[in-house]
Amino acid sequence: MRLLTLLVLLAALAWSGFWLVGYGALTAAMPKWFEDRRAEGWVAEYDDLSVSGFPSRLDSTFENLTLADPQTGVAWDAPFFNLHALTYRPNHVIAVWPNSQTLAIPGEKLSVTTGDMRASLVLDPGTDLTLNRANVAIENLGVTSTANWQLAASGVNLAMHRDSADTRAYRLAFKADDLTPPAGYALPNGIDLPRSFSSFRADLTATFDRLWDRTAIEHARPQPVSLDLTLAEVIWGDLQLHAAGKVSIDASGYPTGEVTIRAVNWRDILNVARHSGHLPVSVLDTVEQALGFIAQLSGNAKELDIPLTFSNGATKLGPLPIGPAPRIFLR
C-alpha cells in the first residue's frame, strides 16, 4: 500500500511538473510574441494575460486585446480572447471569441456580434505552428459596416483540412444557414424574395504558395496559386446560382481558367444586384446584354449554363468579353 501511495505521489508530482513546464512556456512565449510584433511596427496590446486549468488544461485568456498590422491596414479589437489546450495535447487548440468584436479593414470598420464563435485548430508539432486542420463554428452572426451595409446568419461553419499529398493544398468547405445578404435588407418593391438565402455553400480545394503557419500572421498571408471549385451554390427564393471549375492564379493575383455557371431566373438575379447598388451599372449592363444574347442562342430564357473564362487579365462570359479579371489576393 505504501508503495502504491508513493507511486501515485510521484506520478502527481511528475504531472504537476509537466503542467508547470507548459505554463512557463506559455507565459514566456506569448508576451515575447507581442513584443516582436511591436518591434515590427504593429499595435499589439492587451491589458492582462492569465493561464489557468491546472492540472489537465492550459487555458490562456487575454483581456482587452488589440492587434493592428500597418502593412495590410487590418486591425482587430476584442474585450477578451481565449485559447484552450489539454496539457498532454498542446497542439490541439480551441479558440473562443467574444460575443462582440471589431474588425477594421482599409476603407471601413466592421462590428461583429455572435451568439457563440469558436474554432478547433490542430497544429503540426513544432515551433512553426503549421495548420493541419481547422473547424470554425459561429452561431447567430451579425456584421454591420461603417460603409452602410450589414449581413446576418443563424449559423456559419467552415472546415479547412490540409491535403496529405500536397501540404500546401487545403480542402475548404463553407456553409451558412439563413444568410441574409446586404441586398436582403433593402429589397425594393416588386421583388418577391425572402430576406435570407435557403442555401449558401461552397466546397473547394485551394493550393497556396506556402504553408499556413505562424508567419501567416506575423509577416504575410499565403497566397492562393490555384482554386479547384467542386461546387458553389446560392439559392434565394426562385433564384439559383451554381458554379464549378478550376483556375490557376499568377503572382499578381490574376486567374486563368474556366468556371461553369448555371443561373436560374438570371434576369431577376441581375435585377437584385442592380438595386443593391454594390456593383457598377456599366458592368451589370454589359453582363445583361451578354446573357441576353446567349439566352437567345440557347433557346432558354430563364436558365443558363455558361462558361466564365479568365485569361490574360480579362473575363469572358461565354464568347463575350465583359471586363477585367478579378484580382484574388489575401490581405
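In the hairpin formed by strands E14 and E15, five residues lie between the strands, and Gly-253 adopts a positive phi near 95°. Strands (E, at least two residues) and helices (H or I, at least four) are DSSP runs numbered from the N terminus. The model is predicted, so that local features require pLDDT of at least 70 and side-chain atom pairs pLDDT 80 or more, while totals for chains, interfaces and linings use all residues. Residues are numbered from 1 along each chain as its sequence is written, and side-chain values use heavy atoms, without hydrogens and water.

E14 and strand E15 (residues 255–264) run antiparallel and are joined by ten bridges; strands are taken to pair if DSSP finds at least two bridges between them. The bridge partner of His-242 in E15 is Arg-262. Strand E13 (residues 224–236) is likewise antiparallel to E14, with nine bridges, and Ile-235 has Gln-240 of E14 as its bridge partner. Two residues separate the strands in the hairpin of E13 and E14, where Gly-237 takes a positive phi near 60°.

Strand E14 (residues 239–249) also contributes eight residues to the lining of the second largest pocket, the most of any element. A pocket is an open set of points on a 1 Å grid over the protein atoms alone, where a 1.4 Å probe fits, with protein on both sides within 12 Å along at least five of seven lines; lining residues have an atom within 4 Å of a point. The volume of this second largest pocket, about 1,700 Å³, is the space filled by probe spheres set on the points, which are joined across faces, edges and corners. Of its 49 lining residues, Val-234, Leu-241, Ile-261, Ile-269 and Leu-279 lie nearest the centre.

Twelve aromatic pairs are found in the whole structure, a pair being rings of Phe, Tyr and Trp (its six-membered ring) with centres within 6.5 Å; planes under 30 degrees apart count as stacked, over 60 as edge-to-face and the rest as tilted. Phe-34 and Tyr-46 form an edge-to-face pair, at 4.8 Å centre to centre and 80° between the planes. Because Phe-34 lies in helix H1 (residues 2–39) and Tyr-46 in the loop between strands E1 (43–45) and E2 (48–52), the pair ties together parts twelve residues apart in sequence. Phe-34 is buried at 5% relative accessibility, whereas Tyr-46, at 21%, is partly exposed; buried means under 20% relative accessible area, exposed over 50% and partly exposed in between (1.4 Å probe, protein chains only).
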